[in-house]
Amino acid sequence: MFRGILEGMRQTLRSFFEKPVTIQYPEQKRPVRARFKGRHVLKRYENGLEKCIGCALCAAACPADAIFVEAAENTDERRFSPGERYASTYEINMLRCIYCGFCEDACPTEAIVLGDNYELSFMDRAASIYTKDMLLEPVPAVDKLTPQSTPPGVFTRSVPEMKDPED
Amino acid sequence: MEKQDSNGKFIVPIGPQHPALKEPGHFEFAVEGEIVTGAAVRLGYVHRGIEKGAEARNWTQNIYLLERVCGICSHIHATAYTLGVEKLANVVAPPRAQAIRTLVAELERIHSHLLWLGVAAHEGGFDTLFMFSWRDRETVMDLLEMITGNRVHYSTNILGGVKIDLDDEKITAIRKGLDFLEERTHHYLKVINTDETFLGRTRDVGTMSRQQAEELGAVGPTARASGVPRDLRVEAPYAGYHEFPVRLITATEGDLHARFVVRMNECLDCYRVIREILDRLPGGELATRVPRRIPEGETISRVEAPRGELVYFIKSTGGDKPDRIKVRTPSLCNWGTVTSVAVGHKLADMPMLLAGIDPCFSCNDRMVRVNRPDQSQTWSWENLRQYGIEYYR
Amino acid sequence: MGIEQKTGNMGVVTTTLEQVVNWSRTNSMWPMLFGLACCAIEMMAAQASNYDMSRFGMELMRASPRQSDLMIVAGRVSRKMAPVLRQLYDQMPDPKWVIAMGDCASCGGVFNNYAIVQGVDEIVPVDVYVAGCPPRPEGLIHGIMTLHEKVKQEQLTKWK
């Protein structure tokens with residue numbers, strides 16, 4: 001009887017001197033792993049053009065119907081993305097999204113990527129619908145903002161040449 | 001499910017929201033003083049209509065939907081589904097994909113057993129063990145996040161293979177995590193077998209003989225703790241279990257203590273299997289092509305979830321959406337054992353007994369339709385929704 | 001406010017009744033155990049040692065609604081469970097707050113069908129919605145801190 005109590009107390013005493021494993025969130029934020037599926041980000045190319053071409057394959061793939069895409073046509077004076085079309089409206093409802101990554105798999109240009117942000121809390125439901133400007137990756141320099149005006153005949157392919165199409 | 005001694009006994013209702021269990025379910029125990037004389041279970045509080053929803057989505061979207069049948073055993077549901085669909089499409093996933101699927105399934109088994117250990121200990125008032133085992137479980141969650149990207153609902157399966165690959169850095173991290181966990185599991189086994197108060201609560205509680213277990217149709221570690229040698233990974237190996245076999249672990253006493261011991265020993269075996277997989281991981285590609293329209297046919301896919309035998313029936317009529325998917329989950333079988341075994345025990349033992357079968361309420365709520373040939377109706381989506389709203393008004 | 005300007009930070013707190021009461025409310029909210037499905041696992045993980053919620057004063061998860069002030073609806077609410085949820089909410093004493101944790105509690109999530117209530121705010125008034133399927137424990141703690149921000153803005157005249 002006593003041995004049981006003493007054994008239990010010995011365990012407890014030992015754990016007084018162990019290093020605590022608690023992560024003191026929010027002061028200390030543990031970085032997430034590389035493959036973590038958090039809030040979506042719409043990526044850009046290095047020249048600043050958006051990768052998203054408004055094909056809506058992600059909206060078709062989504063198991064929860066969380067994405068809404070409307071496409072419009074690019075002109076060379078106001079060019080948002082290479083190729084003919086771009087996404088004029090792109091909305092994702094964060095409260096419907098199940099963070100499965102299927103949109104990431106379905107995208108032909110690798111435009112939509114699930115990033116690292118997991119701090120998604122809203123006071124009201126309408127605030128959870130993220131529009132395109134909230135999702136787009138920020139630009140490193142002002143001259144890379146879209147819409148850009150580009151020389152004609154340069155950006156005619158929507159989907160870039162990929163080195164390894166099987167990848 | 002009812003087994004009640006009638007006339008005038010006092011009925012104690014527990015649930016649907018109660019401190020003993022984390023998910024809603026309604027239990028009614030007919031008691032006489034402190035001794036339980038009958039038990040009834042009422043489920044259905046988490047019914048989601050997944051089987052109907054699966055008919056409206058195409059084959060790939062269904063993987064993500066069916067994963068969410070259960071939070072704890074999500075990967076094994078997705079694996080059962082993809083194995084079934086691949087069988088229908090006459091496609092075999094490459095060996096590397098099967099090995100990775102098995103690896104994630106075994107990691108999931110470890111996480112599920114550690115979770116269960118913590119919750120069952122919490123039912124028994126042993127909160128220290130809860131804190132310890134969930135701290136160790138964080139190691140597994142970390143590994144899973146590193147490999148797959150999510151802590152719960154890791155969407156790794158795709159039709160024809162897996163989405164993720166392992167490299168040396170990850171393999172080293174997995175090995176390190178496993179070493180730590182193995183040491184901790186030995187410690188838990190020691191605690192379970194020697195701690196006197198714990199033994200007092202679990203020994204000879206809920207004893208189920210082998211014959212009872214076979215008659216009542218228990219599955220999984222609950223049955224194996226009564227000596228029934230039933231494990232699908234050994235009897236009907238699927239995915240990577242042909243190359244990496246698993247040991248069958250049973251115990252003979254059949255009481256609650258034996259269930260604890262069986263689950264911890266299963267964890268130890270999981271570590272061995274994972275190490276073997278990491279040592280001999282086959283090379284090759286990760287997925288094969290599966291056609292968009294799956295050919296016609298019906299198939300049954302059986303896998304061993306952490307709680308027991310999981311059966312999927314998948315029917316296809318050649319389109320790009322499934323015609324019918326029926327899921328039979330292991331927890332549904334184990335409820336029958338509780339209602340029989342509970343008789344004769346004190347009321348205070350009930351929470352631990354319920355926790356002993358490792359109930360997963362989300363897995364349970366399937367809709368069973370009673371077939372009345374004269375009154376058959378076909379209901380559309382809108383009708384069902386309206387019915388649901390009005391029924392509970 | 002006057003003393004602070006004259007003597008600077010002497011370590012003495014001068015404040016209003018509103019701020020004190022709001023601050024003390026945020027630091028001792030007791031959550032009610034209402035885990036329904038997969039989100040319950042992450043809620044329990046937030047309660048366990050690695051992402052300890054008792055640092056925020058939420059040490060105990062009270063099972064009784066009469067002794068709790070925060071209801072974290074973790075998981076999907078089916079139509080069968082909805083009256084139960086409302087009854088429990090009515091039994092909680094004022095002041096009370098509700099966090100809808102996860103996609104399914106906030107808006108039905110992936111299950112857009114006959115059996116699930118499309119958002120728990122059909123039944124109870126919700127203060128904060130936390131997105132994720134399921135949200136990480138840190139995501140839940142971020143949601144709780146958003147709630148704390150909201151509570152600190154509450155005004156004296158609108159107290160219940």
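Chain C has six helices and four strands. This is a predicted model, in which local features need pLDDT of at least 70, side-chain atom pairs count only at pLDDT 80 or more, and totals for chains, interfaces and linings use all residues. Residues are numbered from 1 along each chain as its sequence is written, while chains are lettered from A and ligands numbered from 1 in the order in which they are written.

Reader: What percentage of chain C is called buried, and by which cut-off?
Author: A residue is buried if 20 or more other C-beta atoms, placed from the backbone, lie within 10 Å of its own. Of the 160 residues in chain C, 54% are buried.

Reader: Which residues does M101(C) touch, and what makes that a contact?
Author: Two residues are in contact if their C-beta atoms, placed from the backbone, lie within 7 Å. Leaving out residues up to four places away in sequence, the partners of M101(C) include C39(C), M43(C), V130(C) and L140(C).

Reader: Which residues of chain B meet chain A, by class?
Author: The contact takes 14 residues from chain B and 13 residues from chain A. Helix 5 of chain B gives the most to its side, with four residues. That side has three nonpolar, six polar and five charged residues; Asp, Glu, Lys and Arg count as charged, Ala, Val, Leu, Ile, Met, Phe, Trp, Tyr, Cys and Pro as nonpolar, and the others, Gly among them, as polar.

Notes
Helices (H or I, at least four residues) and strands (E, at least two) are DSSP runs, numbered from the N terminus. A residue is buried if 20 or more other C-beta atoms lie within 10 Å of its own, exposed if 12 or fewer, and partly exposed in between; C-beta atoms are placed from the backbone.
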